[in-house]
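Hello,

Here is the structure I said I would pass on. My notes on its side-chain contacts come after it.

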Amino acid sequence: MSGVYSPDSGRWFSALWLVSWSWMACMIHAGQDVAAPNRICQAVAETLPRVHYTGRPLDEEIARDALRQYFDLLDRQHMVFLQSDLEEFSQRYGLAPDCIGMSSVMLQSLRRGDLTPAREIQSRYAQRFAERIASIGPWLKSSPDFGVEEYCVPDRRRAGWPRTVAEANELWRLRIKSEWLDELLAGRTVGETAAALSEAYERKVRLSRFDEGRLLHYYLSALAKAYDPHSAYYAVRGRAAGALRETATARNEGEVSDKRLLVGMVTQRETGKRHAVLRLSVFYRGCALEIKNVLSLAMEKGAEGIVLDLRGNQGGNIDEAVEAAGLFVGEGPVARYREREGRVRTLFSRNECACALPLVVLVDGETASAAEMLAAAMQDYRRAVIVGSGATFGKGTMQGVVPLESVIGGGIGDCGELKVTFRQFYRVTGAAVQGRGVEPDVLIPLFKGHDAREAELARTIAADAVQAVSIGVGMLDREWLERLRERSAQRLKQSDELELVNQLRRLTTRVEGDEPVSLRYESRRLDRERGLQLESELEQLPRAWNYEALTSGGGTVFARRDCTLDEASGVLRDLTEGKTRESFVATESTP
């Protein structure tokens, strides 16, 4: 989890665990019928080596990784299986028989489409889950002793599995105790808390039930993720058409709930100067045209510059990102990509430049994929100043969707679809985004939590480079950027708001991370009160900028305190001083 600590919720652990339980429940409908599951499994095993960007064959290493991935996807918080379960099934499926030259049972099963390993491991998961549920009744009904010094690890994704039943039961007891504490600190009575926790665990029981579609989803996604972290299988087919439909999914597809373009006008209280803020959470179909229209509206209202806020934007439709880039740089190359066969091609925007105003692009560690492509293009064209708290996520790959009916043949019903990485994209300079991200021109020193970036993920695709393409560039040279950095650093050094925000972030990281957190009532009460105090101090600080929403839903968003957006506005103000619009459009060509 990430974001600013919210004392009002008081439910750090519950939310984190619920996300883990419901990770793929939103993708799979209960009772979903899946045609010919064995043929689907075999088709996925045959298709991945033929279509995936790396071209890797389905071998022993992939099979072993798929086995481990399956355990991780079933039990993301490492609280249900025992370590002995992993060892038993690794011995049974992951190791080759005694006969030299023979492949492992796991590899043979995948090639044949035999789902026995998937079913047996899931059956063990259901057994262990039922054992844990059977033991927790007393802990749900009565309030624990919060005077005892005990600790709970909120995020166990990197922890090992419990070695004994007693150790597993203890993990669940401590987790439930933490949830009791969160509810009581949020103001619920003992009776209300007992009822809420009972209902929450009844929901966990419902989410733990598997039909054939959900089994396939987890098992074949585990196989796909043995190739790279962004490939997956979906048992419920989307709107695929053709043998390979290109898409550019968000990094965590299914987690993006807000697909609106939020627009606000920002006024500096001292000078009255105005600029527009465009906040985009994902590149959805049609958003480039919407951006064009709101740019026209902003200029009509007297905007002297634009802040394009791509924080948290994990990607989306690549074509829309390319066309959105063209609105600021005009028709021409935006990025390059390499296909699995080695061919290198260029992505061109067909749009004419719709806005020559000064531009700041705001990013963070969750800016990924198509959003990184746009940010990199603006930086390489010297069209915008990139402002952020560090490098972007670093997902420089593109995914396509294979409808499995096109592989298996018709007549057996819905077979689902395989999302597979099949391209890597690059900046127009030829440099990689993959694993590196986009470094901001102006750095805002925000405290960073535990969120991993692409380079830290398992089985991530290696970065390389391609030949650059020639582009026209603007006048944002190194000397100009250095002056902007210096002025920003001076502001931030004197910023009480930044210091308070960083204190909140440190508190959030401590109570939501992978380090033990106290379960004493007094200790957690003090954390909560400290969070409330910091938020109160933040609200009392004066704001240099006045935000006015131009789109529905933006009022609440722009009313929140946001020191990063405020600083991006400050950089934009510095950028516009004494400069004409012509300073920001292309005036020369790169070699």
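This is a predicted model: local features need pLDDT of at least 70, side-chain atom pairs count only at pLDDT 80 or more; totals for chains, interfaces and linings use all residues.

Aromatic contacts

The structure contains 12 aromatic pairs. In one of them, Y125 and F129, the ring centres are 6.2 Å apart and the planes meet at 15°, so this pair counts as stacked. Both residues belong to helix α6 (residues 116-135), 4 residues apart, or about one turn of the helix. Y125 and F129 are both buried. They are also part of one aromatic cluster, whose members include F71, W161, W172, Y201 and F210.

The charged end of K204 sits over the ring of Y201, 4.1 Å from its centre, and that of R214 sits over the ring of F210, at 4.8 Å from the centre.

Salt bridges

The count is 43 salt bridges. One of them joins R520 to E149, with 3.9 Å between the closest N and O atoms. R520 is in the loop between β15 (517-518) and α17 (521-540), and E149 in the loop between α7 (137-141) and β1 (151-152), so the bridge ties together parts 371 residues apart in sequence. R520 is partly exposed at 29% relative accessibility, and E149 is partly exposed at 43%.

R279 and D309 form another salt bridge, at 2.8 Å from N to O. It links strand β5 (residues 274-280) with strand β6 (residues 306-309), the two residues being 30 apart. Both R279 and D309 are buried.

Finally, salt bridges with shared partners join D85, E88, R92, E120, R124, R128, E131 and R132 into one network.

Regards

Note on methods:
Residues are numbered from 1 along each chain as its sequence is written. Side-chain values use heavy atoms; hydrogens and water are left out. Rings of Phe, Tyr and Trp (its six-membered ring) pair if their centres lie within 6.5 Å; planes under 30 degrees apart count as stacked, over 60 as edge-to-face and the rest as tilted. Buried means under 20% relative accessible area, exposed over 50%, partly exposed in between (1.4 Å probe, protein chains only). A charge sits over a ring if NZ of Lys or CZ of Arg is within 6 Å of the ring centre and within 35 degrees of the ring normal. A salt bridge is a side-chain nitrogen of Lys or Arg within 4 Å of a carboxyl oxygen of Asp or Glu.
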